[in-house]
Amino acid sequence: MRYVQLRAFHYVAICGGFSRAAEELLLTQPAISDQVRKLEGEYDILLFNRQRKQVTLTPSGEKLLAITRRMFDTESQALELLSESRALRAGTLRVVADAAHHLLHIMGEFRGKYPGVKVTIRAGNTETVIESLFSYEADIGVLGEVPSGREFEIIRLNSTPIIAYAAAGHPLAGRASLSFAELAALPLVMRERGSKTRKKLEEGAAKAGVELKFAIEAEGREAVREIVASGAGIGFVSEAEFGSDARLAKIAIDGPPMFMDEALICLTERSQAKAIRAFLDIARKSQEA
């Protein structure tokens, strides 16, 4: 087993094909194919399914990718340490968040201090955040529940109750609050399975002896917001994420408050990477201020 063979395998796996891996590594496709073929031949193992120009990982390939993700991330951290003088002048910080607005004040300061670091942000629910961190597809995560376990470094951001909301012209827009029984009789717009907001809402309703059924299920908070703004139903969100939108009116939910505890997290094993550490330090100082 040689380094070049593992590197070729790793980039084919993460890039989704031999041609894209060759472009990424500035090599020819035959060279990449040859290295992967030698790796498979030496250990008599099939790492990729090759069918009609589509390349997918076999179960053995999936297991090896989990190892090479850690391997090449460690290599990246070593390079970062050895390139101290260039630290935080370049690179990319990848963020996956259930709601990006929780990070806006941190992001502004981070970009001001480290303008050379590119930041990518994508949306995801709690399950997506956790999966992206463990698969090394994200560096920082923001999610609606404080996870347990030593594998995470955690900074608590805020804790706010879940509320209902309706279009400003909806007949119930003027109501101060609604009970679970009243909500059960209304057309509801719910987040996808895996959303912590939805899970806590359904648990709260169950404690009140009510089952909530959705009329519309939508993936992502913004999709729900737009559907509710059209007047199609009642949506739910944590109060901190409601924001300011003249099209919408927020409504409290009767009963014990259901709190969403927003947290910024990263894998403990990756917390000393310079871009991640710098972001965490700014976030921690902002919470102490």
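**Reading cavities, a helix face and a core**

Reader: Which residues line the largest cavity?

Author: Val189, Met190, Arg191, Thr197, Arg198, Leu201, Val224 and Phe236 line it. This is a predicted model, so read every such list as a property of the model. Strand S8 (188–191) and helix H8 (196–207) are the elements that each give two or more residues to this lining.

Reader: How much space lies in the largest cavity, and how many residues of each class line it?

Author: The space is about 50 Å³. The lining divides into five nonpolar, one polar and two charged residues.

Reader: How many cavities of 30 Å³ or more are there?

Author: The count is three. Asp98, Asn125, Thr126, Arg191, Ser195, Lys196, Thr197, Arg221 and Met260 form its lining, which divides into one nonpolar, four polar and four charged residues.

Reader: How do I read a pocket?

Author: A cavity is space from which a probe cannot get out, whereas a pocket is open. The second largest pocket has a volume of about 260 Å³. Its lining has 16 residues, and those nearest its centre are Asp98, Ala123, Gly220, Arg221 and Glu222. Helix H9 (residues 221–229) supplies the largest share of that lining, three residues. By class, the lining has three nonpolar, five polar and eight charged residues.

Reader: Which residues of helix H3 are buried?

Author: Buried means under 20% relative accessible area. In H3 the buried residues are Ile32, Ser33, Val36, Leu39 and Glu40. Seen down the helix axis, they fall within an arc of 125 degrees, so they line one face of H3. The face turned away from them carries the exposed residues Pro30 and Gly41.

Reader: What is the length of H3, and which residue follows the helix?

Author: H3 covers residues 29–43, which is 15 residues. From first C-alpha to last, H3 reaches 22 Å, close to the 21 Å expected at 1.5 Å a residue. Asp44 follows the helix, and its phi is positive, near 50 degrees.

Reader: Which residues of the largest nonpolar core touch the most other members?

Author: The core has 23 residues, and Leu93, Leu103, Ile106, Phe110, Ile140, Leu264 and Phe279 touch the most other members. At least two core residues come from each of strand S3 (92–97), helix H5 (104–113), strand S5 (140–143), strand S6 (152–167), strand S12 (259–267) and helix H11 (274–288). H11 gives the largest share, seven residues.

Methods: Residues numbered from 1 in each chain as written. Predicted model: local features only at pLDDT ≥ 70, side-chain atom pairs only at ≥ 80, totals over all residues. Heavy atoms only, no water. Helix = DSSP H or I, 4+ residues; strand = E, 2+ residues; numbered from the N terminus. Expected span 1.5 Å × (residues − 1). Buried < 20%, exposed > 50% of the residue type's maximum accessible area, 1.4 Å probe, protein only. Arc of directions from axis to C-beta. 1 Å grid on protein atoms, 1.4 Å probe; cavity = no way out; pocket = protein on both sides within 12 Å on 5 of 7 lines; lining within 4 Å. Points joined across faces, edges and corners; volume = space filled by probe spheres on them. Nonpolar A, V, L, I, M, F, W, Y, C, P; charged D, E, K, R; others polar. Core = buried A, V, L, I, M, F, W, Y, C linked by side-chain atoms within 4.5 Å.
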